[in-house]
Amino acid sequence: MAFRHIQILKVTAFIFLVVAIADVSALADPENRSKTYPLPVAELEELITDRFERSGFEVTRTALKMGQVRLKGTKATRCRQIILTPHSALATDVYADYPVNNASEDRHVKELWDLISKYVSGETTVRSQNENTQQVIPSAVLSKIESVVCIKAETKKGQIQLSGFAVNKEGLIICTAHNLKNLQRVSVILYDGRQLSGNIIKTDHHRDLALLHIDAKLDTFISLADGRNLLGMGEWLYSVGCPIDLRGTVFPGMINGPPRHVDNLPLWQINMEIHPGSSGSPVFDVQGTLVAIVKGRYRGTDSIGFLIPLETIMAFAYDS
């Protein structure tokens with residue numbers, strides 16, 4: 001009898017253990033509750049907040065450690081939380097802290113993933129955070145984010161940050177050169193969070209361009225050969241880059257002047273938000289075609305900028 005009692009206790013304990021493991025697995029199911037997307041925290045925060053509010057939820061935002069953001073939506077007795085964690089400057093880990101083992105909530109989590117996926121693919125329109133323009137960001141531009149990189153350089157005067165983009169799958173990166181002097185070390189941060197050492201293989205301070213190399217095979221890149229050079233007055237363009245400590249990654253702007261010549265080189269003038277860290281950002285037209293690189297801004301303003309045209313980029317890239 002004692003032996004049989006012990007066996008029953010063992011079986012009961014095993015059942016409780018299986019149930020407990022199942023509960024923990026459901027709570028921490030990374031496939032259903034956590035995903036990584038190639039978008040910065042700020043853009044996902046805006047998208048998810050809008051979704052909550054459209055569904056009748058009251059949203060509260062809490063800034064957590066290390067750049068994390070918690071969005072809490074409440075409606076009657078229902079409560080849903082989203083934790084956004086920076087994966088890199090251009091990507092975010094999204095954790096849906098919804099009630100588990102609830103078919104209705106599981107469906108809402110799937111709807112959330114579908115919404116974000118459509119956002120990334122461009123099926124859902126996205127409005128820029130520039131309240132003055134309210135310009136819709138084309139899906140063809142959003143699709144270029146994975147090819148953009150953030151560059152951090154250590155100099156004798158301290159650390160600087162700028163933007164750049166991959167031009168082939170072999171790890172070649174183009175960026176601006178005006179900050180790349182007296183360097184001690186260069187790091188390139190990919191959209192997926194990988195941080196790799198960069199080697200400068202070519203600089204041209206007259207054209208203000210530099211070519212870097214990282215030891216990595218890249219899945220996506222931006223073709224120079226498929227770029228476009230001629231632009232029109234009043235044309236909308238979009239930069240994608242890594243501004244320092246600033247919400248948003250994609251900034252719209254409009255060509256508002258003919259090409260200006262500085263040191264015998266043409267520069268496009270544009271009405272576009274340009275901030276520290278934006279130099280080197282690729283600039284696209286509405287079809288997602290590369291047309292220029294952000295050089296910098298007019299001193300004393302953050303809304304008048306200058307772009308290095310494609311013809312200068314091509315001449316730099318193909319000069320021996």
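Modeller: Gladly! Accessible areas here come from the Shrake-Rupley method with a 1.4 Å probe. On that basis the chain of this predicted model has an accessible surface of about 16,700 Å², and 52% of that surface belongs to carbon and sulfur atoms.

Colleague: Thanks. How much of the chain is buried, and what makes a residue count as buried?

Modeller: Buried means under 20% relative accessible area, and buried residues make up 44% of the 320 residues in the chain.

Colleague: Why is Lys 157 called exposed?

Modeller: The label needs a relative accessible area over 50%. Lys 157 has 85%, so Lys 157 is exposed. Its place is in the loop between β8 (148-155) and β9 (158-166). The C-alpha atoms of Lys 157 and Leu 183 are separated by 9.5 Å, although these residues are 26 apart along the chain.

Colleague: Now the interior. What makes a group of residues a nonpolar core?

Modeller: Its members must be buried residues of the nonpolar kinds, joined through side-chain atoms within 4.5 Å. The largest such core has 49 residues, of which Ile 48, Ile 82 and Leu 84 touch the most other members. Helix α4 (residues 103-121) gives the largest share of this core, with six residues. Apart from it lies another core, of 17 residues, including Ile 151, Ile 173, Ala 177 and Leu 190.

Colleague: Which residues does Ile 82 contact, leaving aside neighbours within four places in sequence?

Modeller: Contact means heavy atoms within 4.5 Å. Among the partners of Ile 82 are Ile 48, Phe 52, Val 69, Leu 71, Val 94, Tyr 98 and Leu 112, and Arg 70 is also in contact with Ile 82.

Colleague: Which strands form the closed barrel?

Modeller: Six strands, in the order β14-β15-β16-β19-β18-β17, with antiparallel pairing. From one strand to the next, the twist averages 45°.

Colleague: How do you know that β18 and β19 pair?

Modeller: Pairing requires at least two bridges. Strand β18 (residues 290-297) and strand β19 (residues 304-309) have five bridges, so they count as a pair, in the antiparallel sense. Within β19, Ile 308 stands opposite Ile 293.

Colleague: What packs on that sheet?

Modeller: Helix α6 (residues 310-318) does, touching β16 (265-272), β18 and β19. The direction of α6 makes about 45° with that of β19.

Colleague: And how many helices and strands does the chain have?

Modeller: Six helices and 19 strands. As for contacts between residues at least 6 apart in sequence, 59% join residues at least 24 apart.

Note on methods
Residues numbered from 1 in each chain as written. Predicted model: local features only at pLDDT ≥ 70, side-chain atom pairs only at ≥ 80, totals over all residues. Heavy atoms only, no water. Helix = DSSP H or I, 4+ residues; strand = E, 2+ residues; numbered from the N terminus. Axes fitted to C-alpha atoms, helices over the stretch in contact; angles between N-to-C directions. Buried < 20%, exposed > 50% of the residue type's maximum accessible area, 1.4 Å probe, protein only.
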